[in-house]
Amino acid sequence: MRGVDKSFPGVHALKNVDLDVEAGDVLALLGENGAGKSTLIKVLGGAHRPDSGVIEIDGRPMEIITPQDSQRAGIGIIYQEFNLIPAMTVRENIFLGQEPGRVSIVPAGKERRRARELFDRIGVALDPDALVRDLTVAQQQIVEIAKALSLDSRIIVMDEPSAALSPREVEGLFRIVDELKSQGIGIVYVSHRLDEIFAICDHVTVLRDGTYVDSKPIGELTRDTLIELMVGRKLADEFPNRAVAKPVATDDNEVRSGLTVSNLVGGPKVRDISFNVRRGEIVALTGLVGAGRTEAARLIFGADKREAGTITLDGKELSIKSPRDAIASGICMLTEDRKGQGLILNRSVLENFGLPNLSRFTVRGLIQQKRERDAFQAYVEQLQIKVSGPKQRAGNLSGGNQQKVVLAKWLERDAEVIIFDEPTRGIDVGAKFEIYLLMRHLVEQGKAILMISSELPEVLGMADRIIVLHEGRVTGEIEDVKLATQESIMDLAVK
Amino acid sequence: MKRFIADNGSIIVLLALCAYYSVVTLGEQHPNTPAAGQEVAAAILKDSSEQVTVVVITRDTVQDRAYSEAVRAAIETGGGTVLAVVNGAPTDARLALEQVGGAFSRVDAIATNHSASGWGPLKPQKLKTTADKFPGISGIKVFKPQSYTWPSFLTRENLVNVINQNAVIAIIAIGMTLVIITAGIDLSVGSLLALCGVTTAVAIQQMAGGADAGTIGLLGACLIGTGVCTLCGIFNGVMVTWFRVPAFVVTLAMMMVARGLALIVAVQYQSALLGGGTEGTPEAVRIEAAAFGWLGNGATFGIPNPILLMLALYVLAHITMTKTSVGRYIYAVGGNPEAARLSGVPVFGVLILVYAICGAMAGLAGIVDASRFEGGRPNAGEMYELQVIAAVVVGGTSLAGGEGRIFGTLVGAMIIAVIQNGLNMAGVASYEQKCVFGGLILAAVLLDRFKRK
């Protein structure tokens with residue numbers, strides 16, 4: 001790709017960007033949120049039409065205007081949101097659109113054989129007749145990869161492929177990437193996890209604010225120099241320092257005891273969970289994907305129906321039947337799925353911010369919009385949210401800024417207990433640190449934070465205490481984080 | 001500029017339509033109002049220095065009566081004498097002229113209007129032959145209001161008429177806009193309109209005292225009618241939320257049930273009127289209380305009451321949607337119900353409220369309809385649901401939910417009304433109009449798609 005340029009109303013998303021992928025090479029495409037990675041991928045996939053610039057494959061210029069053009073040019077894109085039809089089988093999904101003729105009978109046997117061949121090529125075993133909706137996220141990803149291969153793709157682009165995978169599944173993904181590489185397929189790999197970049201990538205291309213920064217072989221880079229390239233400045237630490245001393249016990253310790261959850265049961269995934277989060281500390285709830293972490297948090301927040309168990313805040317039992325109750329009791333939750341659950345994407349950032357806080361801005365039934373805007377503006381400055389104005393649609397923001405809008409909405413609520421589910425998923429390094437800093441700041445103010453994270457470095461860097469779940473039960477608690485290692489957590493998580 | 005057009009596209013379309021029809025319907029206008037009557041009287045008084053004697057001749061219509069009355073009053077205040085006022089047919093005019101021509105020695109003027117001035121007895125040569133027999137009118141002159149060139153579309157009378165005819169649709173469209181913003185649909189509004197009309201009519205006849213019903217009795221009956229529709233709306237909402245039945249299915253069922261109920265009530269009422277022995281017919285339930293017609297046929301400050309009610313409801317709805325928590329909640333639920341719920345929005349409550357409001361609006365429209373026709377018509381409002389949905393969609397509300405503006409819907413309803421009016425003026429048959437409307441709705445949605453890109 002040469003000199004690719006793309007503008008949207010109000011945003012110059014890509015400014016003269018270059019990208020080179022060689023056969024059998026894994027290229028990491030890096031940049032902070034809003035740097036233009038997603039736009040670049042969409043240009044490559046035919047979803048956006050570039051304003052200028054050329055795309056060449058094997059030295060031949062290609063005109064890519066539609067997704068079909070992109071497929072024909074041998075480019076396979078695996079977006080974060082998969083393009084699979086849940087009610088159809090694996091085989092049908094792979095060969096969707098490749099049926100031999102409009103009215104001829106689909107050769108099921110032949111397709112099944114070809115699907116197996118494709119799975120063999122990437123070294124996995126998957127039943128071609130399984131329904132896609134019954135598959136795990138990792139398996140669905142494999143189906144997407146097989147689909148790309150079935151179209152004879154020579155370049156495969158993966159947009160944050162590891163974001164929703166467990167550590168074990170990520171290893172599987174790496175094996176597949178290696179396999180594809182050895183078959184001469186060029187791969188563009190987008191990820192925020194630097195460990196992964198160093199593990200599997202050969203070259204790195206960095207974008208910043210829609211412009212091309214640099215391309216280098218991975219051997220010439222260190223973790224720190226890479227971060228510098230991405231954020232354009234030096235970063236001192238990945239995590240802020242913990243408070244020097246934990247909040248000491250006081251007379252009203254009993255009253256200020258924070259959130260206590262006892263014998264929580266609900267749904268298939270939460271069997272019996274008890275723990276507490278004191279004011280002034282960050283407690284990490286960790287475990288493998290599917291251990292019931294998010295599910296437990298949703299029960300506390302009233303998002304799902306609780307079958308048994310009590311929730312108390314500062315010694316007082318709460319009756320939580322809905323998120324509305326939880327919010328009124330002083331508990332709020334930042335969901336892991338910001339786009340699906342955290343924000344109303346087609347409404348303005350201001351409306352999203354105001355949603356749980358309207359009672360504060362309402363006088364005699366009417367919303368005082370100036371008051372609301374002023375409150376929002378204060379957070380825009382405090383959290384350095386990049387918005388064009390309060391009327392900007394939430395859907396047009398980058399991941400980090402979306403998370404900041406969600407944060408602003410809950411900060412205004414001034415809740416006592418804040419649940420962060422994967423607080424930095426899909427967020428770039430610079431914004432991550434800001435969010436960590438804010439979490440620290442909140443606990444210093446005496447709030448209680450429950451954090452759910454799949455990233456063990458994050459758990460070790462941020463938590464004051466770690467609670468490990470396995471199959472819906474608490475299998476261990478690590479009081480002293482200094483003694484915790486990734487291995488000791490994993491040990492508890494698989495027990 | 002581009003943004004302005006995108007944001008106000010429907011208003012621009014409406015204005016363009018109005019401009020188009022104004023040009024197309026440009027023609028001679030013949031005023032026939034009391035004001036025109038006063039001008040004619042002034043002209044007569046000015047023409048003759050002595051005490052003037054006048055005969056007023058017009059057709060026998062409500063407007064012509066008002067016109068001739070204005071002429072009479074103005075002549076008399078100006079010191080003239082009105083010898084006769086004729087509201088009738090050309091023969092009446094001839095007889096009156098012969099009479100005054102025989103009885104009085106001098107008749108100065110005939111005051112008439114455009115339609116009557118073309119009658120035979122008022123033609124100059126005919127007047128001359130009459131004057132030969134009845135010399136009293138030999139010096140008579142004919143006066144009528146001055147005509148001028150103006151689009152007949154753009155007359156106050158026509159515009160008020162267009163809006164008034166569509167006030168019912170526009171009122172229902174308020175509720176439908178809210179429902180569609182929550183990504184729902186309500187097909188039952190047309191039937192609810194009829195149910196409310198019939199229920200209110202029966203309540204007035206049997207509970208409020210029929211012809212003797214007082215204001216409180218009438219209001220109570222209206223409350224019963226809208227109450228029934230609101231309950232139906234709440235039922236729709238409960239089905240959509242707690243029982244997770246798709247809105248399309250629930251309201252389709254309600255559309256049939258409510259229509260059936262309206263017919264049952266009407267038939268039973270007619271049967272009871274006939275003594276209960278025979279089966280009734282699905283005719284309108286006549287409302288005998290004369291005061292009830294005020295809402296549908298009356299006017300305040302010269303503006304028909306349905307228009308005033310419609311405007312008041314639109315202002316109220318606009319404030320609710322833009323300035324209150326409920327409005328924000330409705331948009332939020334339409335945009336992303338799960339995110340709204342996790343932000344503390346009572347999603348079920350909001351949805352039930354929205355369907356209840358939609359039912360209530362259909363009920364209010366039913367009362368206007370019943371008042372206009374002075375009876376509850378069990379067959380009223382058929383296919384209204386589709387007209388209303390068309391108005392909402394043309395007004396720019398997205399069927400996908402989360403977006404839409406209340407006044408957009410008003411503009412949408414008016415666009416449809418203006419096109420209909422224009423087609424009627426152009427003499428297009430109603431079957432052909434259906435094709436035009438189908439195309440219009442499609443065009444509106446396509447326009448919306450392009451705008452989004």
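In this predicted model, B:M383 counts as exposed, with 8 C-beta neighbours inside 10 Å. The residue belongs to the loop that runs between β10 (375-376) and α17 (384-394) of chain B. Although B:M383 is not a glycine, its phi is positive, at about 70°.

A residue of chain A was also found to have a positive phi. A:Q384, which is not a glycine, has a phi of about 50°. Its place is in the loop between α14 (369-382) and α15 (399-413) of chain A. A:Q384 has 12 other C-beta atoms within 10 Å; because a residue is classed as exposed if 12 or fewer such atoms lie within that distance, A:Q384 is exposed.

With regard to its overall organisation, chain A is divided into domain 1 (2-231) and domain 2 (251-493). The centres of these two domains, taken over C-alpha atoms, are separated by 32 Å. Contact between them involves eleven residues of domain 1 and 14 residues of domain 2 of chain A. On the side of domain 1 that touches domain 2, four residues are nonpolar, five are polar and two are charged.

Chain A is also in contact with chain B, through 23 residues of chain A and 19 residues of chain B.

Technical notes: Residues are numbered from 1 along each chain as its sequence is written. Chains are lettered from A and ligands numbered from 1 in the order in which they are written. This is a predicted model: local features need pLDDT of at least 70, side-chain atom pairs count only at pLDDT 80 or more; totals for chains, interfaces and linings use all residues. Domain bounds come from an automatic or database domain assignment. Two residues are in contact if their C-beta atoms, placed from the backbone, lie within 7 Å. Ala, Val, Leu, Ile, Met, Phe, Trp, Tyr, Cys and Pro count as nonpolar, Asp, Glu, Lys and Arg as charged, and the others, Gly among them, as polar. Helices (H or I, at least four residues) and strands (E, at least two) are DSSP runs, numbered from the N terminus. A residue is buried if 20 or more other C-beta atoms lie within 10 Å of its own, exposed if 12 or fewer, and partly exposed in between; C-beta atoms are placed from the backbone.
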